[in-house]
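Welcome! Have a look at the model below, and then we can walk through some of its details together.

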Amino acid sequence: MTRLTIENVSKLYPGGVAALKDFSLEIEEGELVAIVGPSGCGKSTLLRIIAGLEEETSGKVRMGERFLTGLPPKERNIAVVFQSYTLMPHLTAAENMAFGMRLRGTFRNQREEKIRAIAKTLGIEGLLNRYPAEISGGERQRVALGRAILREPDAFLFDEPLSSLDAQMRLQLRVEIQKLHQRLGTPMLFVTHDQNEALALGDRVVVLNQGKIQQIAKPDELYLKPANTFVASFIGAPGMNLFPGRLESNGNVHRFVSSSVTFPLTPSQASTLRTYSEVVAGIRPEHLNLSHPPDAELRGTVTAIEKQFDQTCLYLENENVVFTAKAARNISCHLGDVLQWSVALDNTAFFDAITGELIL
Amino acid sequence: MNHSRKHISSLSATAALAFLCVIFAYPFVWMFCSGFKTDAEVFALFPLLPQHFDLVHYRGLLSGAWIPYPRLFLNSLFIASLETIFATAFACGAGYVFAKFDFRFKKTLFILAVAAVLVPRQALALPLFVWMNKLSLLDTPWSVILPGTASGVGFLYFIAVFRRLPDPLLDMARCEGAGEYRVFLSTLPLIKPALIAFALIQFVLCWQEHLIPLIMLSTQTHLTVTLGLASLNAGNLRVPYGLLLAGCTLTLIPTALFFVLAHRHFRSALASLTEA
C-alpha cells in the first residue's frame, strides 16, 4: 500500500512571497487527484516540491512510510509529465522512452521489449523511430507518457500535460490517462488550470488560490456546494452569480434583498441565516429561469449573447450588477432586450459576506 | 526590362564577389605555389604557377635540416588539442552552471570573468611567466596549455548557449533519474554545434598563438611550429623563401582540415545564436 502524503507544506520565496501556505493532502493508492486554480496559485510549485525539483520551506512529503523531503529527484521514484519540452530533440521516440531505463541500467533487449509493449497500448508503435520534430504535439505527449509509465514509478505527477494540445487531442489523451489510471492503480496528481479537465479526471479535486487550499471535494460537490465565494465563481463556465445583500424579516415572511434581486426564503433557509445580517447569495446561471411579472425576481439587460451547441449563455446587467444566465439554444433575443428571471430557490447557496465561507 | 535589370545586378554581384575572392585567395595561392620555387622565382610576378613541382623545400623541411619541423608540428598539435579540449570543457561547464543555477557570489564571479576578457594577454604575460616558473613548468607544453584553458569569451558564449536550453528538459532528466552531473552530460548533444564552433575557434587561435609560447618555451625541440617558422625568418640563416612558405603551407593543414570537417556545425551554431 503506497499513498502519497503531503503534510503542511509551505513555500516562501525570498522577498516574502508565499507560493504555498500550509498545504496538506493525502492521495490514496489508485486515486487521481486534480489540482485546479488560476495561474500563479502555486499548483506547479507544489508539483515541483513533490518531484524534488524545488525545496519546501517547511512541511513534509511522504511516499507510504518513506520520507521524500530532502531527497534529490532521482531518488524519489516519481514520474512527471510536463507541459512541453518533454522530449530530447536529438533522440528518437524510442530512445526518449528508453532515457530513464538507460540511466537505471536496464538491459537493451529488455528495454526494447518493454518499449514495444507500452507503445502498442498508447498507439505509437509506428512512431518509435521518428524524432520529436517529426511528430505531432499529441504524439509527443504520448511518448512522454510512455516514458513515465516505463519508469514504473510510485506516483505520477502531471503538470498541465494537455494544455498545449488542440481540443480533439486533449480529449483523446484525457481518456488515455483515465485508462492508465485504472490499469496502474498508482497515486496520481494532475495539475491544470482547466476546470473541465480537473472535473473529468479527478476522483477528487483540489481548488487552490494564492497558495491556499480553498476546497477539496468530489467534482459534484465542488459544483453544488462550493466552500466559499472563490470556488463558487471559479468553478463553472461561467461561474456562479454572486449577489451581496441582506436579510429582511417582516413577521413570518423572510426575504433576501439586494440592489438587483429580491426573493423570499424558505423557513429552513431563514432560520439558518437568522444570525447573519450581511450575506452573499450564489445562484448558478442555469438556476435562473426565464419568467414574467409578477413572478420575476430579477431583471437584466442583455449585453452579450454566446451561442453554444446545447444552450445559449446570456450576459446581463442590472444597475451595474453583472450576471449570467443560461437559456434554451433556440431562444430569440437581442442585445439590449430586458429579460425577467426567477430564482430556483432550492439551488441557491448563501455565503458569509465577511469571510466568504459557505453558510448554506 | 525588369528581368534584365535583375540579371545585370546578379551578374555584377557575382563579379564583385569573384574580385574579392581573388584578393583573399591570392596570398594563399602565392604561398602554396612559392613552396616549389627558387628565391628568384618567388619574387617574379609571372608566372604564378611554378615551372615544375620541385619538392626540394618540403624535403628540406621534413628532414629537419633547418629546424626539427616534424617535432615542432607534433608539439603544436599536442598543445593545441589539449588546450582546445580543456578550454571547451571548462567554458562549457562554467557557462552551464552560470546559466542554470543561482549561488552566492555569482554576480561577483561573473564580473571577474568579464574582466578577464578585457585584460589583454600582453598584460598577463609576465605574471604568467613568474607563475609557471614557480610551478617548474617553464619550457614544457603545460606552460602554454594551462594559461589557455581559461577562456572568458568562451564562458560568456556558453552562458548564452545554455540560456537558450529550456529548463523543463533538465527537470525531465532529473525526474527520470539523472543526477546533476548526468543532467549536464545529457544536454551536451543538444549544444553540439556550439561545442564544435567554439572548439574550432579555440583550436585556430591556439595554433596561431605566438606570444605565450615565445615567453614560455626555449629549447628548440620544445617550440611550436609558429615559433619555429618565425625563427627561420629572423635568423641570419639565409633560409630560402620557398622553404619558409612550404612550412607555412604545411602549418595551415590542420586548421583547414578542422574547418572543412566542422564548417557545417559552425554555420548552424552562428545561425542559432543570431536567431536569439
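## Rings that pair up

Over all chains, the count comes to 28 aromatic pairs. Here rings of Phe, Tyr and Trp (its six-membered ring) pair if their centres lie within 6.5 Å; planes under 30 degrees apart count as stacked, over 60 as edge-to-face and the rest as tilted. One such pair is B:Tyr96 with B:Phe184: the ring centres are 4.8 Å apart and the planes stand at 50°, so the pair is tilted. B:Tyr96 belongs to helix H4 (residues 69-100) of chain B and B:Phe184 to helix H10 (residues 180-187) of chain B, so the pair ties together parts that are 88 residues apart in sequence. Helices (H or I, at least four residues) and strands (E, at least two) are DSSP runs, numbered from the N terminus.

Are B:Tyr96 and B:Phe184 buried or exposed? Both are buried. Buried means under 20% relative accessible area, exposed over 50%, and partly exposed in between (1.4 Å probe, protein chains only). Another tilted pair is formed by B:Phe158 and B:Phe162, with 6.5 Å from centre to centre and 35° between the planes. These two residues both lie in helix H8 (residues 152-163) of chain B, four residues apart, about one turn of the helix. B:Phe158 is buried, with a relative accessible area of 0%, and B:Phe162 is buried with 0% as well. Ring pairs link a cluster whose members include B:Tyr96, B:Phe158, B:Phe162 and B:Phe184.

## About the model

This is a predicted model, in which local features need pLDDT of at least 70 and side-chain atom pairs count only at pLDDT 80 or more, while totals for chains, interfaces and linings use all residues. Residues are numbered from 1 along each chain as its sequence is written, chains are lettered from A and ligands numbered from 1 in the order in which they are written, and side-chain values use heavy atoms, leaving out hydrogens and water.

## Chain A as a whole

Chain A has nine helices and 20 strands. Its C-alpha atoms fill a box of roughly 80 × 45 × 40 Å along the principal axes. Of the 360 residues in chain A, 51% are buried.

How do contacts (heavy atoms within 4.5 Å) span the sequence of chain A? Among those between residues at least 6 apart in sequence, 65% join residues at least 24 apart.

## A charge over a ring

In chain A, the charged end of A:Arg284 sits over the ring of A:Tyr223, 4.0 Å from its centre. For this, NZ of Lys or CZ of Arg must be within 6 Å of the ring centre and within 35 degrees of the ring normal.

## Backbone details in the loops

Which residues does a cis peptide bond join, with omega of about -5°? They are A:Ala237 and A:Pro238. A:Pro238 is found in the loop between helix H8 (229-234) and strand S11 (241-250) of chain A.

A:Glu152 is not a glycine, yet its phi is positive, about 45°. This residue is found in the loop between helix H4 (137-150) and strand S7 (155-159) of chain A, and at 53% relative accessibility A:Glu152 counts as exposed. A:Gln210, also a residue other than glycine, has a positive phi near 50°. A:Gln210 lies in the loop between strand S9 (204-209) and strand S10 (212-217) of chain A, and it counts as exposed at 57% relative accessibility.

How values were computed. Contact = heavy atoms within 4.5 Å.
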